[in-house]
Amino acid sequence: MTVHAEPAVIPDFDGGTAGRKLAIICSKGNLDMAYPGLVLANAALGEGVETHLFFTFWGFDMITKSRMRDLKFTPLGNTATHLPQGLGGLPGMTAVATRQMKRQIAEAGVPEVPEFLAQIADSGGHLWACRMSADMLHLDEGDLCAEVEGIISAADFIEKTDGAQLLFI
Amino acid sequence: MKVATIAGRAVHVDDEGFLTVYGEWDEDLAETLAARIGIELTDAHWKALRFLRDDYRSQGETATLRRVSVVGGIPTRQLFTLFPKKPAKKMAYIAGLPKPRGCV
């Protein structure tokens, strides 16, 4: 071989800001709005970023055992589906749209919400439930999936995520 | 595509240092690649690396962490212990494969 060989570069696995943290606030309970936070948390953890998720208001459905497998998607009010808006209001349309979206998510090799949360916890992610939401909904730790580390106040979350970059979803 | 010298042999690499030719890798080279990023390979590491190699050959792309855990049967927690901080990229580097392109 007559090629000119250079000394080999080593990938910079330790690059990036030391001690980088990411805080993600999940405030929505729709199936389509659950995934952005989960995908980004998973990606951040895979890059070695300390990641905290805070589930609040409708986002509580993502971690509530009785609901987390049953998040729904509706085309109503969502022009990006490019369907006539009246169609979204027909009986059964939410179930049809939800089934279709779940199939597309599965085909992309992406897990359902409960499995995704387990993967995030296994990757070292921290899941926190909002105290006010728990009080409003009369739920306690027993109602939430096992991966949730605790029910904490907004102030506690702000304290835990000191210096973090923040995403509100 | 550049040619670089690793462990005394010339291999093709991309700008970041990942090998780009599947057939230029072998297990001796993996030991050197691992050592360069501070990892000493054990049987547990090899199980993951061999899965990655075999899976790439059949799928044509590098397995994501989820695929290594679900299809390869190696728990996610263990992958983070074996290849700390950035397991997917570190595994791909040592296995002589491109970085995974999938999001999950």
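Helices (H or I, at least four residues) and strands (E, at least two) are DSSP runs, numbered from the N terminus. Read that way, chain B follows the pattern β-β-α-α-α-α-α along its sequence. This is a predicted model, in which local features need pLDDT of at least 70, side-chain atom pairs count only at pLDDT 80 or more, and totals for chains, interfaces and linings use all residues. Residues are numbered from 1 along each chain as its sequence is written, while chains are lettered from A and ligands numbered from 1 in the order in which they are written.

**Chain B as a whole**

- Chain B holds five helices and two strands.
- Its C-alpha atoms fill a box of roughly 35 × 25 × 20 Å along the principal axes.
- A compact globule of 104 residues would have a radius of gyration near 13 Å, and chain B agrees, with 13 Å. The radius is taken over C-alpha atoms, and the globule rule is 2.2 Å times the number of residues to the power 0.38.
- Buried residues make up 35% of the 104 residues in chain B. A residue is buried if 20 or more other C-beta atoms lie within 10 Å of its own, exposed if 12 or fewer, and partly exposed in between, with C-beta atoms placed from the backbone.
- Of the contacts in chain B with a separation of 6 or more, 48% join residues 24 or more positions apart. Two residues are in contact if their C-beta atoms, placed from the backbone, lie within 7 Å.

**Where the chains meet**

- Chain B gives 28 residues to the contact, and chain A gives 22 residues.
- On the side of chain B that touches chain A, the elements giving two or more residues are β1 (2-6), β2 (9-13), α3 (65-70), α4 (76-82) and α5 (87-94).
- That side of chain B divides into 15 nonpolar, four polar and nine charged residues. Ala, Val, Leu, Ile, Met, Phe, Trp, Tyr, Cys and Pro count as nonpolar, Asp, Glu, Lys and Arg as charged, and the others, Gly among them, as polar.
- Strand β1 (residues 6-7) of chain A pairs with β1(B) in the parallel sense, over two bridges. Strands pair if DSSP finds at least two bridges between them.
- In this pairing, P7(A) stands opposite T5(B).

**The annotated residue**

- UniProt, in an unreviewed entry, places the feature "active site" at C103(B). Such annotations may be inferred rather than shown by experiment; feature names are shortened, and positions follow the numbering used here.
- C103(B) lies in the segment after α5 of chain B.
- C103(B) counts as partly exposed because it has 14 C-beta neighbours inside 10 Å.
- C103(B) touches V39(A) and A43(A), leaving aside residues up to four places away in sequence.

**Positive phi angles**

- H82(A) is not a glycine, yet has a positive phi of about 55°. H82(A) sits in the loop between β3 (50-55) and α2 (85-88) of chain A. With 7 other C-beta atoms within 10 Å, H82(A) is exposed.
- K85(B), also a residue other than glycine, has a phi near 70°. K85(B) is in the loop between α4 and α5 of chain B. With 16 other C-beta atoms within 10 Å, K85(B) is partly exposed.

**Other points in chain A**

- Helix α3 (residues 93-107) of chain A has 15 residues and should span 21 Å at 1.5 Å a residue; its end C-alpha atoms are 21 Å apart, which agrees. The expected span is 1.5 Å times one less than the number of residues.
- L166(A) lies in strand β6 (residues 165-168) of chain A. The C-alpha atoms of L166(A) and I24(A) are separated by 5.8 Å, though the two are 142 residues apart along the chain.
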